[in-house]
Amino acid sequence: MEQTLVSPAASGQTSRQAEKHAFENNKLHKRLCRQVGQAIGDFNMIEEGDKVMVCLSGGKDSYALLDILLTLRERAPINFDIIAVNLDQKQPNFPAHILPEYLSKLGVPFHIENQDTYSIVKRVIPEGKTTCSLCSRLRRGILYRVADELGATKIALGHHRDDIMETFFLNMFFGSKLKSMPPKLQSDDGKHIVIRPLAYVQEADTERYAALKEFPIIPCDLCGSQENLQRKQIKNMLRDWEKKHPGRVDNIFSSLSTIVPSHLMDRTQFDFASLQANGTPVVDGDIAFDEEPCSSNLPTNVITLHQQEKEQD
């Protein structure tokens, strides 16, 4: 019987590669915990005694959200509960056993809500048209009801930094609004607080983390099958910018936390009509245009966070 001989050099190289791989994985986990913890702290997302309903779709982002929140709960100085909720929309070939088996193995309390929104969307939306808007409205209403029934005080969604920026440009280009996904908001019915703990997390990191943890990903047959969505075009635009102009996307994200209403045009946010010269110098007056934006340091906690992460990486 032949034996495969491995040279000491090759063996050492394999060992070093394994160590490097483990180091990178550990660094990724620490970064995600740091970013999620930072977002929770910055926006006071989770408080003592909260019951956090984590909406688990079966996609990489919601898996990562649940995993990191479970880690942070063990370290947090406050007590809060987590319950995972999945809305089974009765899509064809949906593997209904995957999430219950995964959550049972983790020992996480969960609830599966069965509602055939798939048939409604397919019946109402013409073939080839975007289903996301109607699907989202139906799903949101159901989740609010479930949160009531479960006594959840916070509803956690898996939207990340890329989702927030993509939504910003979608609203700008197609809705004529400066609007995005806030990290924390009051629900449409006024009864719940919705949080997005992955607000500082890049999608590339949730992709890497999902592969590392081998989450049992469940594809969406509704939105996942529509290749010409405007959101995908925005995503490609941002990725192209990042390749050609490194740092531009970071600056765009930071700008969402550094708004100057007096230098925009929304009369409901700034009282232009009553503006009078009072003889007092104004920091955000026309002197602000003496410096080129590209030479300014944006004093935001977000850009500081990303600078620290780059130094640590």
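Modeller: A residue counts as buried when its relative accessible area is under 20%. The model discussed here is predicted.

Colleague: Why is Asp 61 called buried?

Modeller: Its relative accessibility is 13%, and the cut-off is under 20%, so Asp 61 counts as buried.

Colleague: Where is Asp 61 found, and which residues is it in contact with beyond its neighbours within four places in sequence?

Modeller: Asp 61 belongs to helix H2, residues 60-75. With those neighbours left aside, the contacts of Asp 61 are Gly 158, His 160, Leu 198 and Thr 206.

Colleague: What makes the pair of Phe 173 and Phe 174 edge-to-face?

Modeller: The whole structure holds 11 aromatic pairs. For Phe 173 and Phe 174, the ring centres are 6.4 Å apart and the planes stand at 80 degrees. Rings pair within 6.5 Å, and planes over 60 degrees apart are edge-to-face, so this pair is edge-to-face.

Colleague: Which residues do ring pairs link into a cluster with Phe 173 and Phe 174?

Modeller: Phe 168, Phe 169 and Trp 241 are linked with them.

Colleague: How do you know that the charged end of Arg 248 sits over the ring of Trp 241?

Modeller: The distance to the ring centre is 5.2 Å, and the limit is within 6 Å, along with an angle within 35 degrees of the ring normal. Arg 161 likewise lies over the face of Phe 253, 5.3 Å from the ring centre.

Notes:
Residues numbered from 1 in each chain as written. Predicted model: local features only at pLDDT ≥ 70, side-chain atom pairs only at ≥ 80, totals over all residues. Heavy atoms only, no water. Helix = DSSP H or I, 4+ residues; strand = E, 2+ residues; numbered from the N terminus. Buried < 20%, exposed > 50% of the residue type's maximum accessible area, 1.4 Å probe, protein only. Contact = heavy atoms within 4.5 Å. Phe/Tyr/Trp six-rings, centres within 6.5 Å; stacked < 30°, edge-to-face > 60°.
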